Amino acid sequence: MSATEERVSGNGHVGRRMRRKEDPRLITGRATYVDDMNLLGQLWCAFVRSPEAHAKIVSIDKSGAEARDDVFAVYTGDDLDLASGLPMAWVPPGVEVQTPEHWPLARGEVKHVGDPVAMVVGEDRYAVIDAAEEVLVEYDPLPAVTDPHAALEDGAPLVHESLGTNKIHEWSLGGGDLDAGFAEADVTIERTVVNHRTHGGAIEPRAVLAEDRAGDLTVWSSTQVPHFLRLFLALILNVSEERIRVVAPEVGGGFGSKLQIYGEEVLCAWAARKLARPVKWVETRSESMMAQHHGRDQVATVRIGAKRDGTVTAFHTKIVADMGAYLMLLTPVIPSLGAFVMNGCYKFPAVQTDIVGVFTNKMATDAIRGAGRPEATHMIETCMDQLAAELGLDPLEVRRRNFIPAGEFPYTTALGIVYDSGNYQGTLDKLLEHLDVDAFRREQEELRAKGIHRGIGFSTYTEICGLAPSRVVGPAGVGLQTGLWESAMVRVHITGAVTVYTGTSPHGQGLETSFAQIVADRLGVDPEQVEVLHGDTSTGPQGLGTYGSRSLSVGGEAIARATEKVAAKARAIVAHSLEAAPEDIEVQDGKFIVKGSPDKGMTLAEVAGAAYIPGDQLPPDLEPGLEETAFYDPENFVFPFGAHAAIVDVDVETGKVKVVRYLAVDDCGPAINPMLIDGQLHGGIVHAIGQVLYEQVVYDDTGQLVTGTFVDYALPTAAEVPSFELDRTETPSPTNSLGVKGIGEAGTIGASAAVVNATVDALRPLGVTELQMPLSPMRVWQQIQEAQA
């Protein structure tokens with residue numbers, strides 16, 4: 001299906017482009033963020049953070065701050081009476097994971113720059129920052145380690161002395177006969193693939209406001225996971241869960257960086273209870289850079305065995321993952337998420353991933369957009385190009401030769417993962433309808449003669465998302481200490497208006513619009529009549545949040561199921577009223593009608609009137625009311641896929657890389673709202689281009705953070721990227737009734753390899769055969785000089 005086409009459902013709402021319902025308040029300044037909220041009697045807090053990467057805390061002198069009239073309290077780690085430290089939620093069966101205690105305020109030692117040491121609470125937002133500077137901390141510096149390979153060497157400084165090692169864990173996933181695959185190969189290549197450390201870079205930093213009233217605690221936080229936050233606050237503070245309410249108002253972007261239980265959330269809640277006053281904290285950008293979890297930071301050694309015709313016989317990768325100083329909520333499981341799709345789009349007969357997690361004196365890593373899947377795709381797709389070059393073959397032909405055929409789905413990979421549906425050849429074919437590669441090669445030669453070095457690169461990907469089947473990822477499976485179902489409640493009011501309560505918690509995806517379209521389509525109302533409520537644990541059923549491209553395929557399916565229950569009851573009421581069979585009632589043109597008799601019908605408001613004002617129209621076997629709840633735990637993941645192409649120009653005098661054209665064909669199943677798909681792809685592609693060309697979190701050898709502001713950590717703007725040329729195919733997933741797959745991470749997963757491959761293609765005539773991210777001008781220029789030396 002072309003991106004310009006729309007497959008509209010019978011009631012005209014699902015499948016059509018519709019402007020986001022939430023946008024007017026967001027773009028006119030009428031939205032409410034935590035930073036906009038203030039309560040009577042509110043106090044502010046600020047944190048004293050370590051300037052040392054690794055040091056013993058010799059003493060903390062609070063007297064200077066405590067002497068100030070505008071300071072209410074100063075707390076250190078010894079003052080906290082918490083039931084436990086911050087959580088880590090992965091306990092894989094049969095694998096030992098070294099998990100040191102992680103307290104919200106450091107006790108005894110600091111482990112990275114930005115580690116919080118003390119909390120200052122006072123009346124004024126800026127006065128507490130000044131007061132924090134009067135807390136005098138004496139440190140005894142200890143050796144720091146910032147290179148994960150060096151951290152594994154004998155005699156390396158230990159981040160956690162009590163553990164006796166910097167190795168966190170070893171974890172493997174494999175399938176097929178790897179040794180036989182390499183023995184069968186005519187050629188074996190080995191490459192190192194670096195996926196460097198990045199920052200989430202959300203437009204709004206974190207913010208927390210906590211209030212305790214008569215033992216009832218309310219926490220407003222810019223979090224992606226309000227229900228998880230409520231759960232862990234209950235456990236850490238030793239408070240009954242029903243006495244805690246967590247609200248996530250407008251979040252201001254997350255990208256995984258707010259899929260976390262942060263110490264500042266716990267501390268604000270704890271201090272609010274301790275002082276019986278509301279306590280608020282708003283993160284500065286420099287705090288965000290040093291104390292909000294980072295992403296990526298993996299170094300992989302990849303080996304591929306193949307026949308002379310390009311058929312891959314074995315794929316093996318060993319990943320050394322720099323996890324920073326602490327294990328946060330999902331830190332050690334992130335690299336493993338990529339392992340489940342390490343065969344990519346391909347029919348590899350033998351695949352194995354070996355992961356070693358390592359402590360270093362840096363901020364912890366955790367989920368950032370894609371969470372393990374971009375890293376996996378990047379290493380697969382750059383190495384497929386490397387393999388093609390080694391064999392002297394067209395990289396697209398090598399891909400085609402290894403694609404899983406469309407007729408073999410559902411397909412069980414060598415790893416035992418069941419891909420739900422796919423047509424990888426189809427997305428690549430559609431991509432090439434928009435891109436004449438032969439014409440590009442002719443143009444490339446002409447431009448090269450003029451001194452312009454232009455290259456083209458491809459990436460074909462699949463990803464695993466729709467997190468997740470609880471039986472697979474829960475305690476008895478992968479080892480997450482939770483299920484990953486989702487919930488929804490759909491309520492029809494007596495006027496016919498509809499309220500949807502969802503357990504997902506969007507932060508920019510446009511779910512208020514797409515969810516309203518799903519409900520409106522099934523109930524015969526306008527989406528404007530459907531209000532979607534989210535992010536508040538006091539409304540609706542329990543939920544599990546937004547991450548892992550799960551919102552539509554899991555959260556949306558729960559809404560669809562709850563809506564179908566409402567529609568079934570509505571059909572029963574209409575059938576009783578019109579003396580017809582329930583199976584003969586359908587929704588058409590905004591009414592529940594008898595099939596073939598459009599004049600005989602009832603609007604949803606009329607149905608609601610019958611449900612809430614019981615009389616002859618309500619069947620005697622039905623209860624009053626018109627609302628239903630559904631919980632949905634998927635049987636399988638969903639597997640979106642696509643084909644991307646990047647065209648870049650490289651200035652060989654400066655090393656600067658510019659993306660001049662970008663094309664993508666993606667398949668996320670049937671579209672609910674094509675406009676939202678385009679928006680998610682735009683953001684995802686830019687996210688990846690940012691990592692490839694501009695973004696990198698850098699620590700020096702002593703553990704000092706070099707990229708502490710956006711002056712040092714460059715982000716792409718509209719001026720740095722072209723207009724994207726997007727198209728779609730639609731291959732429904734059999735996993736859910738909507739047939740949908742995820743799209744929020746797809747652009748990030750597919751794009752980085754395409755840009756890197758394009759840059760190598762541009763520079764191959766100069767002797768450059770491979771490149772590692774980030775492709776900063778200096779690094780690219782150095783590679784050109786080394787190749788020509």
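## First stop: Thr 563

Select Thr 563 and show its neighbours: leaving out residues up to four places away in sequence, Thr 563 touches Val 490, Val 519, Arg 522 and Leu 523. Touching, or contact, here means heavy atoms within 4.5 Å. Thr 563 sits in helix 16, which covers residues 551-578. Helices are DSSP runs of H or I with at least four residues, strands are runs of E with at least two, and both are numbered from the N terminus. Is Thr 563 buried or exposed? Its relative accessibility is 0%, so Thr 563 counts as buried. The scale to remember is buried under 20% relative accessible area, exposed over 50%, and partly exposed in between, with a 1.4 Å probe and protein chains only.

A word on what you are viewing: this is a predicted model, where local features need pLDDT of at least 70, side-chain atom pairs count only at pLDDT 80 or more, and totals for chains, interfaces and linings use all residues. Residues are numbered from 1 along each chain as its sequence is written, and side-chain values use heavy atoms, with hydrogens and water left out.

## Second stop: His 493

Now select His 493, in the loop between strand 19 (486-492) and strand 20 (498-502). His 493 counts as partly exposed, because its relative accessibility is 29%. Which residues does His 493 touch, not counting those up to four places away in sequence? They are Val 498, Thr 499, Ala 608 and Tyr 612.

Select Phe 409 and Pro 410, which are joined by a cis peptide bond with omega about -5°. Pro 410 belongs to the loop between helix 11 (395-402) and strand 16 (411-412). Then select Met 773 and Pro 774, where the peptide bond is also cis, with omega near -5°. Look for Pro 774 in the loop between helix 19 (746-763) and helix 20 (777-788).

Select Ala 214, a residue other than glycine whose phi is positive, near 55°. Ala 214 lies in the loop between strand 9 (207-213) and strand 10 (216-221). With 76% relative accessibility, Ala 214 counts as exposed. Go on to Asp 297, which is not a glycine but has a positive phi of about 60°. Asp 297 is part of strand 13, residues 294-306, and is buried, with a relative accessible area of 11%.

## Last stop: the whole chain

Zoom out and colour by domain: domain 1 is 3-31 + 485-632, domain 2 is 34-142 + 205-251 + 258-291, and domain 3 is 370-467 + 636-788. These bounds come from an automatic or database domain assignment. How far apart are the C-alpha centres of domain 1 and domain 2? They lie 40 Å apart. The contact between these two takes 18 residues from domain 1 and 17 residues from domain 2.

Finally, switch to a cartoon view, where the protein chain has 20 helices and 28 strands. Its radius of gyration is 27 Å, close to the 28 Å given by the globule rule for 789 residues, so the chain is as compact as a globular protein of that length. The radius is taken over C-alpha atoms, and the rule is 2.2 Å times the number of residues to the power 0.38. Of the 789 residues, 62% count as buried.
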